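The following note is intended for a colleague who is meeting this structure for the first time. Please read the numbered points alongside the sequence and the model.

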Amino acid sequence: MNEGFERRFKGQPVSPGIAMGKLRVEARGCAAPLIRSILPTEIEAEWQRFEEALNRTEAELQVLKARVEELSGASEAAIFDAHLLFLRDRMIISRIRKEMPKRLQNIDSVYYAVVQNFMEAMRQVDDAYLRSRVVDIGDVLQRVLKNLDQGRARTRKNKPVSSEPCILAAHDLAPSDTADLDSQNVLGFVTEAGSAISHTAILARSLGLPAVVAVPNLVMESRVGHPAILDGYNGVLILNPTQETREYYERLQAEKEKAYQALVDMKDLPAETQDGRRIHLACNVDFVHEYSAVKRSGADGVGLYRTEFFLLGGDGLPDEEAQYQHYRRLVEECAPQEVIFRTLDSGGDKLPFEVLEEKEDNPFLGWRGIRVSLSRPAIFKEQLRAILRASAHGKAGVMFPMVSGLTEVKEVHTILEACRQELRERGEPFDEQMRVGIMIEVPSAAMMADVLSRYVDFFSIGTNDLTQYTIAVDRVNYRVASMFRSTHPGVIRLIHQTIAAGIPTAICGEMGGDITLVPLLVGLGATELSVGAHLLPLIRFAIRHLNYEECRQMAQQALLAEDSHTIRTLSKSVAKRSYPGLFE
Ligand code: PEP
Ligand code: MG
């Protein structure tokens, strides 16, 4: 094969845009540590392997420390001193020594178990600072496991940083890797795995990075350093593009930017249908630097702030004060518009809250969302108090992810009221009327919407998870990605049932940002859509060209339809007739 020829790889486009640069290729991450029985005679060899892994980890940490010291100063780098101390902690090492002959298992799993026990003990302590150090221990654990060659996860802190802008090709990327990409000179990425609804794809859109997923054999067939073009509109990676291809993409990029700018220029026009139905058009925010995009896009506030990327993206959980300062900044910047804070939604495909002792085989049905917060009340309360305090500086609301029924709602209210009382006693101001809502993303919650509506001020339908849980299709599994259909009649009926409960209901999943499905959602009665900042100009344009009465009639037909294709076609025909220009 002549590697100089232009080659094209087709995949699924998940984040629009065009990137041009050299290719950087990353191999697969580490696998989970497997438990393997050993003979007593093998203990010393295992120990030797462990010593070597500790030495390698120590060397890595020293390099990282030096790099951070150079970039940010000695106090930032001091965190690695704690890592280094823990790495050689005598108590842990002697515990492992004792456990080896008892367990007769490979050193990876013994080390893992001992450190996990230690972390669990740390989680129980009252001292918030000590609790926050658990994250550092988890970091060291992952690093040692990786160096033992059977690490269970990748850490984002040991990613290579490219010195020149590049397009990243990888088997898969975790949301935590993606959150870190823009600091690594990455212009766009392409993966073998992945789906449009995964948090990795959602983050790519938030970061404005073109992305393509589901490209078979990508890693094996790509070559580091080759010139490449990534077409995030059509889902194509082109290696060694010819001069002609380059020129074509330069033209396409300029045209797309011009068309988009024309839509952005309409930001001050209301999101109102031709027959006068006003839709509240808000923004989804994942990162701090998106705040300015909220302003520029003319959004009616923030309908979903995913707090997990801020909470879990750094070194250790920020305490109440740090959270308050962060939330306050967003509230002040968006005032007088409202900011809806979604409390920590860890687990699933997102950042883990804690490294678990046992791997969750089915993480989406496991320890995720409100379940995590309710089982860590001290941490949950810190977040709630911080949000309440921020509410004193503008307009804030709070909502809870992955609620499955009334019991959780009642528990949340009790904890929230305790937080209000603590703030009253501390004399801290907050908005007593701050709106409280829940996400509707579990089918049981949608079915109970009439009951739940008596206990909260608003609903926000997370169509990404509602679809995944209703039709039992994992939102990140590329093998079933083609089955992921938010227009499945079962999903549409649940959305209808939720809206029918009669309290303010927003749509904040990716479905709301799909120009094909806006007529359906408006017709079903949604009065608020919350979408990624870059999509907002398109959705505003779409709403302004719709007729509500026509959408309503079409939605009635959709509710009688028997399959997802019919429903999508019904909505698409209204969309194409109303704003053909957006489909060109
Ligand atoms: C959803 O599930 O639709 C949603 C908006 O939440 P997330 O994508 O963060 O799970
Ligand atoms: Mg969700």
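1. Which residues come nearest to ligand 1? Of the 17 residues around the ligand, these are Arg-306, Arg-342, Gly-462, Asn-464 and Arg-475.

2. Several polar approaches to ligand 1 can be located individually. A polar side-chain atom of Asp-465 lies 2.9 Å from an oxygen atom of the ligand. For Arg-368, an N or O atom of the side chain is 3.2 Å from an oxygen atom of ligand 1. Gly-462 takes part through its backbone, with an N or O atom 3.4 Å from an oxygen atom of ligand 1. Taken alone, ligand 1 exposes 290 Å², and the protein buries 100% of that area.

3. The buried residues are Leu-536, Pro-537, Leu-538, Ile-539, Arg-540, Phe-541, Ala-542 and Ile-543. Their cover includes the helices α11 (243–264) and α22 (518–524), together with the strands β9 (280–285) and β16 (528–532).

4. Is Thr-505 buried or exposed? This residue, placed in strand β15 (residues 505–507), counts as buried because its relative accessibility is 6%, under the 20% cut-off. A polar atom of the Thr-505 side chain lies 2.8 Å from the backbone oxygen of Ile-503. Leaving aside neighbours within four places in sequence, Thr-505 is in contact with Phe-459, Ile-461, Thr-498, Ile-499, Ala-526, Thr-527 and Glu-528.

5. Leu-104 has a positive phi of about 50° and is placed in the loop between α4 (90–103) and α5 (107–124). With a relative accessible area of 25%, Leu-104 is partly exposed. Met-402 has a positive phi of about 60° and is placed in the loop between β12 (395–400) and α17 (406–426). Met-402 is buried, its relative accessible area being 2%.

6. Where is Pro-336 found? Pro-336 is in the loop between α14 (320–334) and β11 (338–342). The peptide bond joining Ala-335 and Pro-336 is cis, with omega at about 5°.

7. The mean pLDDT of the protein chain is 88, and 91% of its residues reach 70 or more. Over residues 27–32, however, pLDDT stays under 50, and the model has 15 contacts beyond four places in sequence for this stretch. Over residues 150–161, pLDDT likewise stays under 50, and the model has 55 contacts beyond four places in sequence there. Where pLDDT is low, predicted coordinates should not be read in detail.

Note on methods. Residues are numbered from 1 along each chain as its sequence is written. Chains are lettered from A and ligands numbered from 1 in the order in which they are written. This is a predicted model: local features need pLDDT of at least 70, side-chain atom pairs count only at pLDDT 80 or more; totals for chains, interfaces and linings use all residues. Side-chain values use heavy atoms; hydrogens and water are left out. Buried means under 20% relative accessible area, exposed over 50%, partly exposed in between (1.4 Å probe, protein chains only). Helices (H or I, at least four residues) and strands (E, at least two) are DSSP runs, numbered from the N terminus. Contact means heavy atoms within 4.5 Å. pLDDT is the predictor's confidence in each residue, from 0 to 100. A polar contact is a pair of N or O atoms within 3.5 Å; within protein, one must be able to donate a hydrogen and the other to accept it, and residues adjacent in sequence count only if both atoms are side-chain atoms. A residue is near a molecule or strand if one of its heavy atoms lies within 4 Å of it. Accessible areas come from the Shrake-Rupley method with a 1.4 Å probe; for residues, only the protein chains shown count as cover.
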